[in-house]
Amino acid sequence: MTRRWFALLTLVLTFAAAAPERGMAQGDPVAFINQLGTQAIQVLGKNVAPAERLQRFRQLFASDFDIPGIG
């Protein structure tokens with residue numbers, strides 16, 4: 001019985017720690033997507049070398065997406 005309570009408590013604390021904080025998203029989501037789209041078009045433009053394009057895409061991806069939070 002004690003193990004069940006301990007397991008339940010551990011599970012609850014794990015989910016509580018992993019829960020996102022409210023109010024993390026700031027600003028207008030439509031404006032965010034529009035800005036991200038504009039940046040992506042610039043990064044993936046035809047006049048950018050493939051190696052530079054990949055490096056810029058990685059930078060854009062890392063700066064605009066919460067990868068640890070998504071994972």
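Okay, one definition before we start: the axes I'll talk about are lines fitted to C-alpha atoms, for helices over the stretch in contact, and the angles run from 0 to 180 degrees between N-to-C directions. And keep in mind that this is a predicted model.

So, the helix pair. We've got α2, residues 29-43, and α3, residues 50-64, packing at an angle of about 165°, with the axes 9 Å apart. Anything over 145 degrees counts as roughly antiparallel, so that's what α2 and α3 are to each other. As for handedness, α2 goes past α3 in a right-handed crossing.

Who's touching whom? On the α2 side you'll find Phe 32, Leu 36, Gln 39, Ala 40, Gln 42 and Val 43, and they meet Arg 53, Arg 56, Phe 57, Leu 60 and Asp 64 from α3. Sorted by type, the residues of that contact come out as six nonpolar, two polar and three charged.

What about aromatic pairs? The count comes to two. One of them is Phe 57 with Phe 61: the rings are 6.0 Å centre to centre with 25° between the planes, and the pair is stacked. Both residues lie in α3, four residues apart, so about one turn of the helix. Phe 61 is partly exposed too, at 37% relative accessibility.

How values were computed
Residues are numbered from 1 along each chain as its sequence is written. This is a predicted model: local features need pLDDT of at least 70, side-chain atom pairs count only at pLDDT 80 or more; totals for chains, interfaces and linings use all residues. Side-chain values use heavy atoms; hydrogens and water are left out. Helices (H or I, at least four residues) and strands (E, at least two) are DSSP runs, numbered from the N terminus. Angles under 35 degrees count as roughly parallel, over 145 as roughly antiparallel, 65 to 115 as roughly perpendicular and the rest as oblique. A crossing is left-handed if the near helix is turned anticlockwise from the far one by less than a right angle, and right-handed if clockwise. Contact means heavy atoms within 4.5 Å. Ala, Val, Leu, Ile, Met, Phe, Trp, Tyr, Cys and Pro count as nonpolar, Asp, Glu, Lys and Arg as charged, and the others, Gly among them, as polar. Rings of Phe, Tyr and Trp (its six-membered ring) pair if their centres lie within 6.5 Å; planes under 30 degrees apart count as stacked, over 60 as edge-to-face and the rest as tilted. Buried means under 20% relative accessible area, exposed over 50%, partly exposed in between (1.4 Å probe, protein chains only).
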